[in-house]
Amino acid sequence: YKYAARQKEGRLYSIGWSCQGMPKILRHTIAGKTNYDIDIKKCHPNIAYKTGVRLGIDMPCLNEYITNGDEFLGRYMHFYECDYDKAKTDILSLFNNQNFSGCTPASPIYGLWNEIQLLQNKVIVVRKDIYKKLLDKGEQERNPKGKTMSLYLQSIENKLFQCMLSYCNNNDIEITAGCFDGFMATIDTVNDYGGVDKLMRDIEKYVIETLDFSLELACKPMDK
């Protein structure tokens with residue numbers, strides 16, 4: 001895996017041919033009958049929440065989104081008259097300021113937006129190295145605070161991914177593709193290990209022991 005061209009930070013991409021960059025329908029058609037698709041539930045929101053707790057920020061709205069996401073999204077869909085996918089995309093865009101310029105107190109995500117703004121202000125201090133590089137670009141970088149937040153979340157995501165990958169490699173699980181906050185693994189090797197539920201719970205335990213980070217994995221259906 002490597003960073004994108006001319007980048008030294010951000011997400012990790014597969015080297016060479018991979019299902020990683022394929023549209024979901026194509027990926028499921030090619031690999032759905034032979035692979036499990038495992039990923040971290042609400043990866044970036046969870047990283048953001050745990051970062052906020054560590055930095056002393058009270059984030060009840062973000063916690064509600066993590067623990068009761070469907071109801072939270074439902075309120076957003078009703079208020080903004082949009083579908084589920086747009087609601088989810090819009091809320092995730094809050095973290096890096098993409099496609100979202102703010103909201104009024106009447107909005108169901110006003111509290112969440114303010115919590116994330118507070119978190120961004122803390123993260124640019126914690127990762128002042130990234131923030132300074134972006135500021136030095138001047139007008140070439142119009143969103144330094146949001147970009148710093150995005151790169152910070154991706155850096156933690158990378159550590160979690162590499163930890164999960166290490167466990168799989170050490171236990172003869174065949175990985176067919178990494179997918180940023182998760183991976184695809186062959187059904188045969190996972191079943192030989194003891195099944196997908198056992199694998200996910202064991203990886204969760206390994207990540208806690210290795211990185212002191214609690215996460216929850218899910219196996220997504222590959223039926224698109």
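Let's start with a quick one: which residue is the bridge partner of D39 in β5? Have a look for a second. The partner is G182. And just so everyone knows, this is a predicted model.

Zoom out and you have an open sheet of 4 strands, in the order β4-β5-β3-β6, with antiparallel pairing. On the edges sit β4, which is 175-178, and β6, which is 217-220, and each of those pairs on one side only. Going from one strand to the next, the twist averages 25 degrees.

Now, what packs on that sheet? Helix α8 does, touching β3, β4, β5 and β6. Its direction makes about 20 degrees with that of β5. Then there's helix α10, residues 196-211, which lies across β3, β5 and β6 and runs at about 150 degrees to β6.

Let me stay on α8 for a bit. It has 27 residues, and from the first C-alpha to the last it reaches 39 Å, close to the 39 Å you'd expect at 1.5 Å a residue. It's mostly covered, too: 20 of the 27 residues are buried.

Okay, the core. The largest nonpolar core has 48 residues, and the ones touching the most other members are I91 and I203. Who gives the most to this core? That's α8 again, residues 144-170, with 9 residues. If you click on I203 and ignore its neighbours within four places in sequence, you'll find it in contact with M164, Y167, C168, F183 and L217.

Last bit: cysteines. How many disulfides does the count come to? It's 0. For a sulfur pair to count, the two atoms have to be within 2.5 Å. As for individual cysteines, are C43 and C82 buried or exposed? C43 has a relative accessibility of 5%, so it counts as buried. C82 is at 15% relative accessible area, and that's buried as well, because the cut-off for buried is under 20%.

Conventions: Residues are numbered from 1 along each chain as its sequence is written. This is a predicted model: local features need pLDDT of at least 70, side-chain atom pairs count only at pLDDT 80 or more; totals for chains, interfaces and linings use all residues. Side-chain values use heavy atoms; hydrogens and water are left out. Buried means under 20% relative accessible area, exposed over 50%, partly exposed in between (1.4 Å probe, protein chains only). A nonpolar core is a set of buried Ala, Val, Leu, Ile, Met, Phe, Trp, Tyr and Cys residues joined through side-chain atoms within 4.5 Å. Helices (H or I, at least four residues) and strands (E, at least two) are DSSP runs, numbered from the N terminus. Contact means heavy atoms within 4.5 Å. The expected span of a helix is 1.5 Å times one less than its number of residues. Two strands pair if DSSP finds at least two bridges between them. Axes are lines fitted to C-alpha atoms, for helices over the stretch in contact, and angles run from 0 to 180 degrees between N-to-C directions.
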